[in-house]
Every structure is written in structure tokens, then in C-alpha cells.
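Here is a short tour of a protein with its ligand.

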Amino acid sequence: MAYASFRSIGAYVPERILSNDELSKMVDTSDEWITKRTGIQERRIAAKDERTSDMGANAAKIAIERSGVKKEDIDMIICATISPDYFNMPSTATIISTKLGLSQVTAFDISAACTGFVYIVGIAKAFIESGMKKNILIVGSEKLSAITDYSDRGTCILFGDGAGAAVISATEDKSEAIVDVNTGSDGSYADLLMTPNGGTGSAHDALESDKVCMQMKGNETFKVAVRTLTSDVKEILEKNSMNSDEITHFIPHQANYRIIKAVGDALKMRDEQVVLTVAKYGNTSGASIPMAINDIYESGKLKKGDMLLLDAFGGGLTWGSAILPFMGE
Ligand code: COA
């Protein structure tokens with residue numbers, strides 16, 4: 001039987017830093033307020049001509065190189081994004097495939113907002129375990145600055161740009177396998193976090209609608225996030241007869257330090273288990289978890305065989321968690 005193994009990680013962050021002080025000149029807010037309520041100190045903003053696919057391809061090149069898998073042996077590319085190069089088509093995954101010099105490869109995007117990366121870990125696992133694919137490149141890439149309303153202080157302080165990627169490959173060794181991926185959704189909470197314009201659900205004519213920007217009910221989202229992120233992890237640990245001591249690195253979606261702290265405490269995670277990058281990148285949606293994994297990889301804290309617990313939550317509402325050993329070198 002084929003098992004799916006998480007072989008490598010890579011990430012890309014744009015050069016430009018947008019500080020809290022700079023945002024304070026754009027909307028009625030302050031560095032003190034943003035830091036205290038969110039833990040975010042700065043975020044990255046992509047250049048005007050830098051696309052989601054450019055960032056995704058940059059992260060992917062690193063992930064492929066670190067995986068030891070030959071580029072030509074990649075047989076599928078999945079991209080998780082809510083800020084694609086083009087809404088509808090072509091998919092950002094197909095554009096990334098061309099930027100990597102790959103053709104004849106299955107490529108598609110998925111839309112699960114901030115949970116996107118956990119969803120594509122699950123999709124890759126299923127394709128590999130079914131025997132249909134052998135080496136899958138998964139990419140979370142976001143240019144959220146393109147869909148952020150910089151006159152809305154409730155959202156513009158939170159979001160940033162960046163990309164992360166990983167290679168998931170077939171193995172016969174069960175000890176290297178992704179243990180489990182648990183995902184879910186509840187569409188009845190759709191209005192908490194959405195981009196109301198630009199689609200057929202828009203109140204405006206889809207083709208004449210306003211700029212596509214995110215809108216959020218922050219306070220309600222906060223409470224549902226803490227509840228869902230916590231119950232989600234309890235469920236996957238219980239299902240696999242594991243406890244939090246067996247987890248080397250807990251990697252929650254980087255939305256808000258207060259959410260992460262509340263969830264970490266509820267799950268009795270020790271501080272050194274909890275990975276935090278929200279201060280320097282803000283919320284990068286589908287890119288947040290792979291960027292965080294890459295951060296501990298590049299700082300030397302992530303070692304082969306370390307057990308990772310991924311935990312995400314986002315628009316939809318969607319949620320998901322995954323337990324997997326990191327099998328990169
Ligand atoms: N600067 C200063 N004041 C702000 C502000 C800002 N950037 N944003 C909101 N406020 C104000 C509000 O207008 C409100 O003022 P009022 O009391 O005079 O009405 C006050 O701060 C409290 O607002 P509230 O929305 O209750 O604040 P909060 O503590 O919930 O913090 C968020 C707001 C957005 C930081 C927080 O709700 C949050 O992080 N939510 C989750 C967001 C998230 O993670 N989304 C992505 C999920 S994937």
C-alpha cells in the first residue's frame with residue numbers, strides 16, 4: 001500500500017514591509033492597539049507586478065529542491081488561494097506549473113480560505129494513497145493586499161502577502177506517513193468572513209460589481225475561531241489515540257496572537273510547542289501554515305521525524321487539522 005509522506009517545505013515572502021505605524025497613517029488605529037489586540041507588528045506586501053503565482057512558484061522551487069524529487073517527477077500541483085491571479089480561470093496552479101517549466105501535469109486550485117493548506121494536504125494524501133499520483137506539489141499563496149480594503153481598520157491591519165509550498169510523495173514506509181487529516185465546514189456561518197462582490201451571489205451585477213474585498217465580523221469570527229480550532233484538535237488527537245505531548249510543533253493558522261494563545265492554553269500546549277509567526281507576517285490565509293513551517297525549518301528547529309500538528313480555520317466557514325511527521329532533510 002502507498003502512504004503519503006510530507007517531504008519538504010519552502011516559502012517566499014515579498015520584500016516590502018508594511019508596519020503598524022504606516023497603517024496608522026492610513027486608518028484610525030495605532031501600533032499599540034494592533035499589537036495588543038492581534039500581536040501583529042508588521043506584514044509583507046507584494047509588489048504591484050508580483051502575482052500570487054510568482055510568489056507560489058518561488059516557494060515551490062525551494063520546496064522541490066529540498067525534497068530531492070526531480071521536477072519532472074511532479075505529477076500534480078494543487079494551489080490553495082483566495083487571491084488567485086485571475087478569478088475563475090485559468091487556475092493559479094496551472095500558471096505556477098508553467099512558471100516551473102512543467103507541462104502535462106494535473107493542476108487545479110481549491111478555495112477553502114485560511115484552511116486551504118490543510119485541505120490540500122488531505123487531497124494530496126488521498127490521491128497518493130489511492131495510487132493515482134506519486135509526487136504532489138502543494139502550494140498556499142496569497143496576495144491578500146489585492147483584496148483588502150485599506151479604508152477598513154477592522155480588516156486591513158490583519159492581512160499580508162506571501163507563499164509556502166511542500167512536496168508530498170508516495171512511500172511504502174508507514175512510519176513516514178501523514179497520520180491523519182480532519183477537515184470540515186459549516187456554510188451557515190458564511191457571512192462572518194466573505195468577499196461579497198464579484199461573483200454570481202453578489203447583490204450587484206457580477207460583471208459590474210465593486211472591487212472584490214474581504215469583509216469580516218471580527219468579534220464573532222474571533223469566538224468561533226477559538227472554539228473550532230480547539231475542538232478540531234481534540235477530535236483528531238482522540239481519533240488517533242494521541243495526546244498533545246506527542247506533538248513536537250503545534251502550527252496553528254496565524255490569524256491573531258490572542259486566538260493562538262487561547263487555543264494553545266485550552267489544549268495544554270507548552271509554549272515551546274507553539275509556532276508563532278503572526279507578529280512578522282500577519283494573516284496570510286492559505287499561505288500562513290506553510291510559511292510558519294518554513295520558519296521553524298530555516299531557523300533549525302524543525303528536524304526530520306518531528307511530529308507536526310496543523311490547525312486551521314477560515315472563511316466558509318472551514319476548518320481542518322492534520323498530524324504528520326516531517327520527513328524533509
Ligand atoms: N484600531 C483601533 N480600533 C479599532 C480597530 C483598529 N484597527 N478595529 C476595531 N476597532 C475598534 C472598534 O471600532 C470598536 O470600537 P467601539 O468599542 O468604539 O465600537 C473596538 O475597537 C472593539 O472592537 P472589536 O471588534 O470588539 O475588537 P476586537 O477586540 O474583537 O478586535 C479584531 C478586533 C479584528 C482584531 C478581532 O476581532 C479579531 O482578530 N478577530 C478575528 C479575526 C480573524 O482571525 N479573522 C480571520 C479568520 S481566518
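Ala, Val, Leu, Ile, Met, Phe, Trp, Tyr, Cys and Pro count here as nonpolar, Asp, Glu, Lys and Arg as charged, and the others, Gly among them, as polar. With that in hand, the shell around the ligand divides into nine nonpolar, ten polar and four charged residues. Please keep in mind that this is a predicted model.

## Around the ligand

The ligand has 23 residues around it, and Thr29, Arg37, Arg153, Asn219 and Asn256 come nearest. The side chain of Arg37 places an N or O atom 2.7 Å from an oxygen atom of the ligand, and the side chain of Asn219 has an N or O atom 2.9 Å from a ligand oxygen atom. On the nitrogen side, a ligand nitrogen atom lies 3.5 Å from a polar side-chain atom of Trp33.

How much of the ligand does the protein bury? Taken alone, the ligand exposes 950 Å², and 72% of that is buried by the protein.

Two or more residues of the shell come from each of α2 (31–38), α6 (218–239), α7 (257–266) and β12 (307–314). Which of the elements gives the largest share? That is α6, with four residues.

## An enclosed helix

Helix α9 covers residues 288–298, and ten of its eleven residues are buried, so the helix is largely enclosed by the rest of the structure. The buried residues are Ser288, Ile289, Pro290, Met291, Ala292, Ile293, Asn294, Asp295, Ile296 and Tyr297.

Is His249 buried or exposed? This residue belongs to strand β11, residues 249–252. Its relative accessibility is 7%, and because buried means under 20%, His249 counts as buried. The side chain of His249 also makes a polar contact of 3.0 Å with the side chain of Asp306.

Asp271 sits in the loop between α7 and α8 (278–281). With a relative accessibility of 61%, Asp271 is over the 50% cut-off and therefore counts as exposed. To place Asp271 relative to another part of the chain, look at Phe250: the two residues are 21 residues apart along the chain, and their C-alpha atoms are separated by 9.6 Å.

How values were computed: Residues numbered from 1 in each chain as written. Predicted model: local features only at pLDDT ≥ 70, side-chain atom pairs only at ≥ 80, totals over all residues. Heavy atoms only, no water. Near = heavy atom within 4 Å. Polar contact = N/O pair within 3.5 Å; in protein donor to acceptor, adjacent residues only side chain to side chain. Areas by Shrake-Rupley, 256 points an atom, 1.4 Å probe, with all protein chains shown as cover. Buried < 20%, exposed > 50% of the residue type's maximum accessible area, 1.4 Å probe, protein only.
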